[in-house]
Amino acid sequence: MLTAVISGFIFALLIPIILGRLKSISTLWVALLPLTLFIYFLSKIPELLAGNPIKPSYQWVPSLGINLDFYLDGLSLLFVLLISGVGTLVFVYTSAYLKGHHYLDRFYAYLSLFMASMLGLVLSDNIYTLFLFWELTSISSFFLIGFNNDKKDSRKSALTALAITGFGGLFLLAAMVGLGQITDAYQISAMAPMADAIKDHSLYGWVLFFLFIAAFTKSAQFPFHFWLPGAMKAPTPVSTYLHSATMVKAGVYLLARFTPVLGSHEWWNGTLIIVGALTMVYAAIHALFRIDLKGILAYSTISALGILVFLIGLGSPDALLAASIFILVHALYKATLFLVTGIIDHETGTRDVTQLGGLNKVMLPVGIAAMLAALSNAGIPPSFGFVGKDLIYEATLGMGNLAWLLTCLAILTNVALLVAGFVAGIKPFLGKLPEKFKNVHLPAPSMYVPPLILASLGILFGLFPGVLEGGLIKPAVSSLTGTTPDFHLQLWHGFNLIFLLSLITIGSGTLLYFFLKPSESLLKKVSTFDRLSPQSLIMGISRGFALAGKGWTGFFQNGYLRYYLITILGFLSLLLAYRLFIGVDLLINTDVMTEVTFYEAVVLLVMAVAILFTVFSKSRLAAVASLGVVGYSFCLIFLFYSAPDLAMTQFSIDTLTVILFVLVLYNLPKYLKLSDTRVRIRDGLLSLIFGALISILALEVMSESLSKETSEYYAENAYILGKGKNVVNVILVDFRGFDTMVEITVLAIAAIGVFGLLKLHLRSTEKE
Amino acid sequence: MELLLVIIIGLLYAAGIYMMLRRSLVKLIIGLILLGNGANLLIFLLGKIVKGKPPIIGPNEKMLGEIYADPVPQALILTAIVISFGLQAFAIILIKRAYKVVKTDDLDEMYATDEDL
Amino acid sequence: MKTIIFKSASVYLLPLLLLFSVFILLRGHYLPGGGFVGGLMASIAFVIHSFANGVENTKNIVKFHPGFLMPVGLALALLAGSLPLFTGETFMTGLWMDQPVPVIGTVGTALFFDTGVYLVVIGVTLTIIFTISEGL
């Protein structure tokens, strides 16, 4: 199992190297990887049916509970087969669609990366690896959407998608941490038995909230749906694979996976029903007004995802069964339609439905695939879609008081979806073939065979739903409900209410299709409402953030040294003042202090005068000289208070500093009076306040008793361990020798800096 | 005595900051030196000052006696003094060089970056 | 500054001050002094000489650029620090001779380390001062 997941990552690494060497050969063989995986997972079915869930586990960071725990049950199986199956066809399709593309190797690498992440995601049992793979799918989706990285639109859409799904990913992490806190477990399969305890926990609401945000962003639910139409900038194989069949269903998978753990609670059901219903209706109606084929498909995908969320929200066994079926139904017909759209785009160069028509005359097999998919989408018997739609109505009708409302919403959505499906799948192929498309020809078989396979499966499963029942659907439903389901899939239920509803849907949808002609003017009218859409709102918010950030940075990062200083010092002063104000009683104990002798007082007085003179002197030379006086007074203070080493060092350094200043001074500018009196008073006040606070702080610290442990250690061991009697020197060269080593290195760097600044020649641009 | 030193420390800090807030480059460096001195004195003072007992072990003893000046702050300050010399030298030369290139002493007019020159 | 008295005095001051700086360096382990102070003293000696006789003359005495003292000093300090590695001790463990040497006292790796500091400080200070007085 680990190999199966990892192989995609390794493959993603190797592909660019291999394809780099085999430029001319067809890349059809690349599809062998997903095909192998597909067969491998198929071969696991008997083992699964025998009643043993497959749970391999590999240690990774056991101390943090992060392990590669995999878990293959019915739900995971449904997804892994979808991922590897659709993956195989998409890989095949790509070999023709992007034939000879300069970055085909990269494209395959991203696709494999995505496939591996997606497999990891649906197989993860550990909550942290679930998060990890979740983020990996977002990242690989980012690369795939932005594949045409020379186009501004692509880059922008990729960023939007990453921002939204990445944002959701953080919420997923929060939800997982919350769950881990509640259950003290890291495996999802271990949480299901604790479901009741989790629902009573005070964190339950938060976990639910975080999980919903994560699922809604990934599965493009209202109001986070808008990244998906933007993501259609990606090459068509990507739209097919990520943005209709697999990745966007990750959110649905997440909700389904946690249904046994968190489900059957009024918050869970209520939120999902409302959000799902809103999304499915909103997006389905939106789909009616698009004229770009991919736009239509994007909105109908959002709507389908809404239906899935809605069904999971209903939560009854019927609804969960309908959801499992609909995941498959949707993947089959929507992937077909996307692939067909890619072919149309590839061959005619347009995706505008108002210009397309009569393509059956030039590419019949493609047309057949598209129409079969449209039938399945419309739920017309004997397609698999009919089975799916029946189950949806059955689920909504079983909801008691709300049954009629929910059923009406479902019908409304299905009618709109049917029209959208006809526009995308049938309209381009029927009618009159425009003159300019006369020379359009059928693409390579590797392009039209994959949609044909998918579309035929859509009909085949409809005719013989029993094929899927035992191996795939029953295990999936049982892992959702936790019980062994008792149902029998069939195409024909006889004439009953549900059949009547299906007839109404198909009838009104077909009527609407003939009356509503998608056109540019209609699209324009509809887009006037865009200003109110969540997309504009969120874009507005992000623009607001950018503006606020700019203002904030502009205010603080103004480029003037003194304003930086004033900001820092002002803040520090306030902090210090507050701290000193709330909790300090100044105790000045004069008894423990040393006495003031006359000569000390004189030295300090000289020092104070010298400091003031340095500050207020109008002459630079005088300022430097008095700076020297300050330094020599320091020397004396060190000497009085038992620091002969310091006194000597200070003396030498002071001499050198003054020499340095004198050497440079005449080449330095004269003082200028640059600031007016008001500014001077402001600066003076700030400095005085800060100085006073430092003084008070010093007094306060002095009244505390200090730990002398370090000093005593050095004092005791200087001779015994360091064989020296001057403790300060022993510290410098022995105890803390390493620091000194670094210090002289720094000194050397400073000297090299000085040398470099003065000796290296000015660049020609600086010479003027 | 400590009280007087505390006042001097405050004065050094205030003077240093005031000088650093001026627009003239030379004053900036003088301010930096004053501030550094203030910090040294602060560290020195907080190590508890003692008169006439340098941290040097007597000729016939193996360790320091009861009362002695704290060697740790002294070692710290010694390092700081030497390092600040390096810093000052570098800063002074930097100013000289900047003055030569930009031809102004006014910090506010030094907004050009390398590329603009 | 270039008076005759100062000039002739500086000729004798230089070796005297240098000798004094070495003395300060060596006694550093027992009495106030050490590599930092010693190095600074030696630098001041050269600076005084250069004031009296001009930088060119001072540089002629030394023969090589003072900047070379920096890598030499750093290498010496590093070597003194890594010597214990050869005897199986950790980096910068002090190693000492058994018998004290007259005048200096016990000789150990710390002394070599301090000498490294001494050389670096001279190198740094003289590089800075010479560069500046030339560059004007």
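This is a predicted model: local features need pLDDT of at least 70, side-chain atom pairs count only at pLDDT 80 or more; totals for chains, interfaces and linings use all residues.
Five positions of helix 21 of chain A are named as buried: A:Leu501, A:Ser502, A:Thr505, A:Gly509 and A:Tyr513. Because these residues cover an arc of only 100° around the axis, they fall on the same side of helix 21 of chain A. Their packing partners are helix 16 (364-378), helix 17 (384-397) and helix 18 (403-425) of chain A. The face of helix 21 turned away from this buried side bears the exposed residues A:Leu497, A:Leu500, A:Leu503, A:Gly507, A:Leu511, A:Phe514 and A:Phe515.

Chain A also forms an interface with chain C, in which 37 residues of chain A are in contact with 40 residues of chain C. On the chain A side, at least two residues each are supplied by helix 27 (644-665), helix 30 (727-735) and helix 31 (737-759). The greatest contribution is that of helix 31 of chain A, with 14 residues. By residue class, the side of chain A that touches chain C consists of 21 nonpolar, 11 polar and five charged residues.

Chain C itself contains five helices and zero strands, arranged along the sequence as α-α-α-α-α. Of its 136 residues, 47% count as buried. Among contacts in chain C between residues at least 6 apart in sequence, 67% connect residues at least 24 apart.

Terms used: Residues are numbered from 1 along each chain as its sequence is written. Chains are lettered from A and ligands numbered from 1 in the order in which they are written. Two residues are in contact if their C-beta atoms, placed from the backbone, lie within 7 Å. Helices (H or I, at least four residues) and strands (E, at least two) are DSSP runs, numbered from the N terminus. Ala, Val, Leu, Ile, Met, Phe, Trp, Tyr, Cys and Pro count as nonpolar, Asp, Glu, Lys and Arg as charged, and the others, Gly among them, as polar. A residue is buried if 20 or more other C-beta atoms lie within 10 Å of its own, exposed if 12 or fewer, and partly exposed in between; C-beta atoms are placed from the backbone. The arc is that of the directions from the helix axis to the C-beta atoms.
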